[in-house]
Amino acid sequence: MLSSFPDGSRALVTGASRGIGFEFVRQLLADPRFERVFAGCREPGQAGALASLAAGEPRLRPVRLDVADEPGIEAAVAEVAAGTDRLHLVVSCAGVLHGGPAAMAAEKRLADVRHAALVAGFAVNAFGPLLVAKHFERLLAHRERAVFASISARVGSIGDNRLGGWYAYRGAKAAQNMFTRTLAIEWARTRRNVVCVALHPGTTDTDLSRPFQANVPPEKLFTTGRTVRQLLEVIDRLTPADTGSFLAWDGSRIPW
Ligand SMILES: NC(=O)c1ccc[n+]([C@@H]2O[C@H](COP(=O)([O-])OP(=O)(O)OC[C@H]3O[C@@H](n4cnc5c(N)ncnc54)[C@H](OP(=O)(O)O)[C@@H]3O)[C@@H](O)[C@H]2O)c1
C-alpha cells in the first residue's frame with residue numbers, strides 16, 4: 001500500500017494497454033487508497049486486457065491518449081477532468097524502442113540511423129511525457145502530495161553509456177531525462193506539492209525488451225509484477241528533496 005498518498009487518491013498511467021503501464025494500473029487498483037485510476041492508451045477498443053479489467057472495476061477509467069498527438073492529449077485532459085478535479089500520481093509509461101509506423105529499430109551502428117525513426121522515438125519517449133505534464137499540470141495544482149514519475153531507462157544516462165548503439169532510444173531517453181529535470185526545477189518553484197522524477201524500471205519482460213533478452217541473466221530480467229512493486233516502493237518513499245532526480249528500481253541514483 002502506498003502509505004504516503006492520501007485516501008481517495010487518483011492516478012493517471014500512460015501507456016497502460018500492456019507491459020509495465022498495464023501492471024501499474026493493476027497494482028494501483030489493488031491499493032484501496034486509490035479511488036480512481038485513469039488508464040491512458042492509444043486505442044482503448046483494442047486494449048483487451050485493460051477492457052476486461054475495467055469491466056469489473058468501476059474505479060478504472062480507460063482514456064484515449066496518444067502521447068504523440070498534442071490535441072489528443074488536450075482531449076484526454078478534458079475527459080479525465082470530467083471525472084476528477086485532481087491527480088496525485090501520474091506515471092508516464094508510454095515508450096517505444098522498436099517497431100511502430102516508422103519501423104524504429106535498435107540501431108547497432110551509425111549507418112542504421114534514420115530520420116523517421118529518430119523523430120518517432122523522440123515524439124513518444126521525450127516529447128510525450130513533457131506534453132503530458134504540460135496539459136495535465138492543472139490537475140496537479142492542489143495542496144496534497146503528488147508525484148510525476150517519468151519512466152525512463154538507464155540507457156538514457158550519458159555518464160553510464162559504455163556500450164553505444166540504440167541511437168534513437170538513447171537520445172530520446174536522455175532528452176526525456178533533461179526535460180524531467182528542467183520541469184522539476186520549474187515545479188519546485190510553482191507546484192511545490194509535486195515531486196517530479198525519472199525512474200529506471202530495470203530490464204523487464206515485456207514486448208519492448210523481448211528481442212534483447214537473450215543475454216540477460218534470468219535473475220536480472222524482472223516480471224512486470226516485480227518491476228512495478230519495486231517502482232511503487234521507490235515512489236512511496238519520495239520526498240520533496242528527491243525532485244529532479246533519476247532513480248533506479250532499487251532507489252539508487254543513476255548518473256545523468
Ligand atoms: N521493458 C524494459 O526492459 C524497460 C527497460 C527500461 C525502460 N523501460 C521503459 O518502460 C516504459 C514501458 O515500457 P514497456 O517495457 O512496458 O513497453 P511495452 O510493453 O512495449 O509497452 C509500451 C507501451 O507504450 C505505449 N505507447 C507506445 N507509443 C505510444 C503513444 N504514442 N501514445 C501512448 N502510448 C504509447 C504502448 O501502447 P500500444 O499498445 O498502443 O502500442 C504500450 O502501452 C517505456 O517508457 C520504456 O522505455 C522499459
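Modeller: A residue is called exposed when its relative accessible area is over 50%, buried when it is under 20%, and partly exposed in between. The model discussed here is predicted.

Colleague: Is Asp85 buried or exposed?
Modeller: The cut-off for exposed is over 50% relative accessible area. Asp85 has a relative accessible area of 53%, and because this is over the cut-off, Asp85 is exposed.

Colleague: How many salt bridges does a search of the whole structure find?
Modeller: The pair Asp85 and Arg86 is one example. Another is formed by Arg210 and Asp205. The search of the whole structure finds a total of 16.

Colleague: How far apart are the closest N and O atoms in the salt bridge of Arg18 with Asp207?
Modeller: Arg18 counts as partly exposed at 49% relative accessibility, and Asp207 is partly exposed at 37%. Between the two side chains, the closest N and O atoms are apart by 2.9 Å. The pair links distant parts of the chain, with Arg18 in the loop between β1 (9-14) and α1, and Asp207 in the loop between β6 (194-200) and α6 (224-237).

Colleague: Which residues do salt bridges that share partners join into one network?
Modeller: Arg210 and Asp205 meet in a salt bridge of 3.1 Å, N to O. Arg210 is partly exposed at 43%, and Asp205 counts as partly exposed at 35%. Through shared partners, the network joins Arg18, Asp205, Asp207 and Arg210.

Colleague: Which residues come nearest to the ligand?
Modeller: There are 27 residues around the ligand. These divide into 12 nonpolar, 10 polar and 5 charged. Those that come nearest are Ser17, Arg18, Arg42, Tyr169 and Thr206.

Colleague: How far is an N or O atom in the side chain of Tyr169 from an oxygen atom of the ligand?
Modeller: Other residues also place atoms by the ligand: a polar side-chain atom of Arg18 lies 2.7 Å from a ligand oxygen, and a backbone N or O atom of Ile151 lies 3.4 Å from one. For the side chain of Tyr169, the distance is 2.5 Å.

Colleague: What share of the accessible area that the ligand has on its own does the protein cover?
Modeller: On its own, the ligand has 900 Å² of accessible area. The part of this that the protein covers is 92%.

Colleague: Which elements give two or more residues to the shell around the ligand?
Modeller: The shell includes residues such as Tyr169 and Arg18. The elements that give two or more residues to the shell are α1 (19-29) and α5 (167-190).

Colleague: How many disulfides does the structure hold?
Modeller: A disulfide needs two cysteine sulfur atoms within 2.5 Å. The count for the structure is 0. For Cys93, the nearest cysteine sulfur belongs to Cys41, 13 Å away, and because this is not within 2.5 Å, Cys93 is in no disulfide. The number of disulfides is 0.

Colleague: Is Cys93 buried or exposed?
Modeller: The cut-off for buried is under 20% relative accessible area. Cys93 has 14% relative accessibility and therefore counts as buried.

Colleague: Which cysteine sulfur is nearest to that of Cys196?
Modeller: Cys196 is buried, at a relative accessible area of 0%. Cys196 is in no disulfide, and the nearest cysteine sulfur is 15 Å away. That sulfur belongs to Cys93.

Methods: Residues are numbered from 1 along each chain as its sequence is written. This is a predicted model: local features need pLDDT of at least 70, side-chain atom pairs count only at pLDDT 80 or more; totals for chains, interfaces and linings use all residues. Side-chain values use heavy atoms; hydrogens and water are left out. A residue is near a molecule or strand if one of its heavy atoms lies within 4 Å of it. A polar contact is a pair of N or O atoms within 3.5 Å; within protein, one must be able to donate a hydrogen and the other to accept it, and residues adjacent in sequence count only if both atoms are side-chain atoms. Accessible areas come from the Shrake-Rupley method with a 1.4 Å probe; for residues, only the protein chains shown count as cover. Helices (H or I, at least four residues) and strands (E, at least two) are DSSP runs, numbered from the N terminus. Ala, Val, Leu, Ile, Met, Phe, Trp, Tyr, Cys and Pro count as nonpolar, Asp, Glu, Lys and Arg as charged, and the others, Gly among them, as polar. Buried means under 20% relative accessible area, exposed over 50%, partly exposed in between (1.4 Å probe, protein chains only). A salt bridge is a side-chain nitrogen of Lys or Arg within 4 Å of a carboxyl oxygen of Asp or Glu.
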